[in-house]
Amino acid sequence: MKHVTIKDIAKLAGVNKSTVSKVINNYSNIPEQTRKKILKIIKENNYYPFESAQRLGRRKSDIIAFVSSRISANFNIDVLMAIEDKARFDTRYGHGITPYSTFYDRNVASQHMRKILYGKKADAVIALAINPDSEILLEYKKAGLPLILIENRMVNAHSVNTDNREGGYMAGEYLLNRGRKRIGLICGWPAKRSKYGYSYVSAERKAGFEQALKQHGVKFDKRYLELTTHYSIEEGIEIVEKFLKKRIKLDAIFCIAGDTTAIGVMQGAKKHGIKIPQDLAVIGYDDSLYAPFLNPSLTTIRQPIDKLGGTVFNLAVDAMNKKINGFKHIEIEPEIIIRESA
Amino acid sequence: MKKLTIEDIASLAGVSRSAVSKAINNYSDITPETREKILRVIKEHNYYPLESARILGKGKNDTIAFVSQRITVPFNALVLREIENSARNANKYVYNITPFSSYHDNKKGDDLLRKLLYGRRASVIVALAMNPPQEIILKYKQAGISVILVENRMKNAHSVNIDNYQGGFLAGEYLAKSGRKKIGIICGGMDAKTRYNYSYAGAERKRGFEDALQKYGIKTGQKYLEQAYNYTIREGIGIFDNFLHKGARLDSVFCASGDLTAMGIIESARKRGMKIPQDLAVIGYDDNYYSAFLNPSLTTIRQPIDKLGAEAFNIICDSLEGKPGSFKHIEIEPEFKKRQSA
């Protein structure tokens with residue numbers, strides 16, 4: 001089959017090449033009738049602009065990049081789905097969202113972010129729970145490529161977060177009001193400069209939790225803190241073993257690291273005959289789709305992901321259309337969902 | 001930051017420019033040591049070939065396109081993840097694997113496949129649970145671009161499947177042997193005549209399941225069959241009601257449409273006071289990472305997605321390296337996971 005070119009389309013439509021180009025690029029100075037006619041001919045003749053040439057010429061990709069630790073992580077999928085849902089029904093933007101996975105590796109994250117920037121692979125970049133070097137942020141700023149951070153907040157980038165401090169506070173307040181005193185904390189790496197990478201949300205949730213402790217006059221015991229790197233079920237089980245080995249007797253665990261870790265904690269506790277919630281109350285984070293179906297069903301802090309996705313998408317589109325001055329930081333309210341586990 | 005060129009990499013590695021090019025393009029006529037050295041230099045110096053220029057020069061693109069209904073469906077994301085994992089572990093220069101979604105719209109899917117072909121956007125296509133018309137597959141064959149079908153099988157394309165017939169058979173046989181008599185099945189995309197609602201995997205699972213039931217003299221038919229369309233928990237809840245309205249008093253259900261459907265069925269059955277598995281045995285499909293921790297834990301057919309990803313990646317490599325060969329059709333054995341729900 002002969003490759004259909006823009007010239008062929010122009011000829012068939014009886015217009016000049018630049019008119020076809022204007023239609024493809026959604027310029028507004030074309031009468032509606034002409035636009036419709038050209039789009040019809042494009043469709044009938046299976047014409048697809050040669051993308052790379054288009055990119056070199058326009059320096060635009062019509063793609064939003066989505067960078068996360070791994071696209072198959074439950075929370076990451078949910079966030080991406082919420083953004084996609086918004087993108088599909090938005091008339092301002094009809095193109096794709098391309099996910100990139102970093103596999104929890106800082107170098108891979110930097111590589112992806114530079115590849116996207118210098119390979120001109122996207123018009124906006126959304127980075128979920130990624131800690132880019134401040135150099136990269138400056139490179140993005142200089143190039144004018146919008147970057148929106150989720151689960152992080154830095155200078156020289158936009159950010160959208162659920163109010164993590166508030167989420168941590170809610171969980172602490174709930175447990176303390178029910179008389180729990182020895183509350184274990186499982187969280188990502190809250191300290192900057194840590195080898196495994198810093199988790200902004202963990203730091204915020206932990207700070208909110210400690211604030212609740214303080215209000216109740218309870219001192220935070222450092223031995224009650226365990227850190228996670230993979231946010232997996234297995235790690236949750238291991239951490240319970242660690243607490244037991246250290247002979248630390250807890251009456252509650254708040255899994256800042258998320259519901260998946262909470263599955264592991266409940267599993268690990270059950271193995272040792274610890275009853276939930278009688279002996280040990282467990283609170284998760286996220287409210288994943290399986291949380292109501294666990295044994296026992298999981299009390300957790302819900303992140304309103306639909307709202308988060310919509311907000312992120314709107315911000316990305318506004319930023320790429322240069323409708324925002326400076327950098328925007330948006331916070332969305334979380335919610336505590338009470339079930340059986342606490 | 002100065003933009004690195006291929007010459008810079010060649011001089012840093014102490015090799016010729018063409019050797020670098022060979023390493024990037026995975027040609028086999030350089031020694032493994034040279035390849036490794038060059039890839040290390042590329043990585044250390046953050047070298048990114050300007051993709052658009054490469055495509056214009058070679059007339060083809062090194063992108064691996066991953067086409068599915070929706071990348072945010074957990075199974076789809078996991079397949080992508082396992083292909084990515086294989087890519088990461090291979091000592092080869094691998095480009096980003098780019099996901100594209102057709103959003104359950106076959107027209108959109110066809111359009112996407114044409115866009116990838118005529119827009120020269122990819123040199124290998126992995127199509128997951130897609131039903132492209134033979135005409136498009138032939139165009140790909142003529143263009144020398146490999147298509148690897150997952151959860152489907154067609155002429156003129158490679159295919160990698162987890163033996164769906166076997167999975168259905170295992171579930172049917174288990175329920176029949178444990179004395180269940182009124183066995184329902186919930187399955188996706190049954191209608192082979194309308195491409196818009198056909199799922200090869202679903203049809204194969206149903207065929208295997210019904211063969212097993214027939215072997216044990218158990219009734220099958222419309223009364224015991226319900227279709228799934230979006231594979232969600234909510235849909236599962238609704239389907240349970242559909243069975244009741246038809247007057248099908250089931251003692252067991254095989255959810256060939258996945259573990260999420262099974263979660264919906266269990267939820268709904270419980271609300272009506274039924275005990276699982278005494279009153280209703282439920283078998284899922286997939287073995288999601290949390291399925292062992294549900295209440296009750298879910299008996300299901302496990303899909304070894306890691307093996308699937310590795311097999312798909314082998315074919316990708318052969319295709320990128322221009323190794324000739326006939327079309328491969330690979331079947332991987334599924335695994336029966338016995339837990340509490342059946």
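**Reading a two-chain model**

Guide: In chain A, 70% of the contacts between residues at least 6 apart in sequence join residues at least 24 apart. Keep in mind that this is a predicted model.

Visitor: What share of the contacts in chain B with a separation of 6 or more comes from residues 24 or more positions apart?

Guide: For chain B, that share is 69%.

Visitor: How many helices and strands are there in chain A?

Guide: Chain A has twelve helices and twelve strands. Chain B also has twelve helices and twelve strands.

Visitor: What box do the C-alpha atoms of chain A fill?

Guide: Along the principal axes, the box for chain A is roughly 80 × 40 × 35 Å. For the C-alpha atoms of chain B, the box is roughly 75 × 40 × 35 Å.

Visitor: How are two packed helices described?

Guide: By two values: the angle between their axes and the distance between the axes. Start in chain A. Helix α5 (residues 74-88) of chain A and helix α12 (residues 305-320) of chain A cross at roughly 55°, and their axes come within 8 Å. That angle makes α5(A) oblique to α12(A). Their crossing is right-handed.

Visitor: Which residues of α5(A) and α12(A) make the contact?

Guide: From α5(A), they are Asp78(A), Val79(A), Ala82(A), Ile83(A), Asp85(A), Lys86(A) and Ala87(A). From α12(A), they are Ile305(A), Asp306(A), Leu308(A), Gly309(A), Gly310(A), Val312(A) and Phe313(A). By class, the contact of α5(A) with α12(A) has eight nonpolar, two polar and four charged residues.

Visitor: At what angle do helix α10 (residues 233-245) and helix α11 (residues 259-271) of chain B pack?

Guide: Those two helices of chain B pack at about 50°, with axes 7 Å apart. So α10(B) is oblique to α11(B). The crossing of α10(B) past α11(B) is right-handed.

Visitor: Which residues in α10(B) and α11(B) meet?

Guide: On the α10(B) side, the residues include Ile233(B), Ile237(B), Ile239(B) and Phe240(B). On the α11(B) side, they include Leu260(B), Met263(B), Ile265(B) and Ala269(B). The contact of α10(B) with α11(B) divides into nine nonpolar, four polar and four charged residues.

Visitor: What percentage of the 342 residues in chain A is buried?

Guide: Buried residues make up 48% of chain A. In chain B, which has 342 residues, buried residues also make up 48%.

Visitor: Does Lys139(B) count as buried or exposed?

Guide: Count the neighbours. A residue is buried if 20 or more other C-beta atoms lie within 10 Å of its own. Lys139(B) has 20 C-beta neighbours inside 10 Å, so Lys139(B) counts as buried.

Visitor: Which helix is Lys139(B) found in?

Guide: Lys139(B) sits in helix α7 (residues 134-143) of chain B.

Visitor: How many residues apart in sequence are Lys139(B) and Cys187(B)?

Guide: They are 48 residues apart in sequence. In space, C-alpha to C-alpha, Lys139(B) and Cys187(B) are 32 Å apart.

Conventions: Residues are numbered from 1 along each chain as its sequence is written. Chains are lettered from A and ligands numbered from 1 in the order in which they are written. This is a predicted model: local features need pLDDT of at least 70, side-chain atom pairs count only at pLDDT 80 or more; totals for chains, interfaces and linings use all residues. Axes are lines fitted to C-alpha atoms, for helices over the stretch in contact, and angles run from 0 to 180 degrees between N-to-C directions. Helices (H or I, at least four residues) and strands (E, at least two) are DSSP runs, numbered from the N terminus. Angles under 35 degrees count as roughly parallel, over 145 as roughly antiparallel, 65 to 115 as roughly perpendicular and the rest as oblique. A crossing is left-handed if the near helix is turned anticlockwise from the far one by less than a right angle, and right-handed if clockwise. Two residues are in contact if their C-beta atoms, placed from the backbone, lie within 7 Å. Ala, Val, Leu, Ile, Met, Phe, Trp, Tyr, Cys and Pro count as nonpolar, Asp, Glu, Lys and Arg as charged, and the others, Gly among them, as polar. A residue is buried if 20 or more other C-beta atoms lie within 10 Å of its own, exposed if 12 or fewer, and partly exposed in between; C-beta atoms are placed from the backbone.
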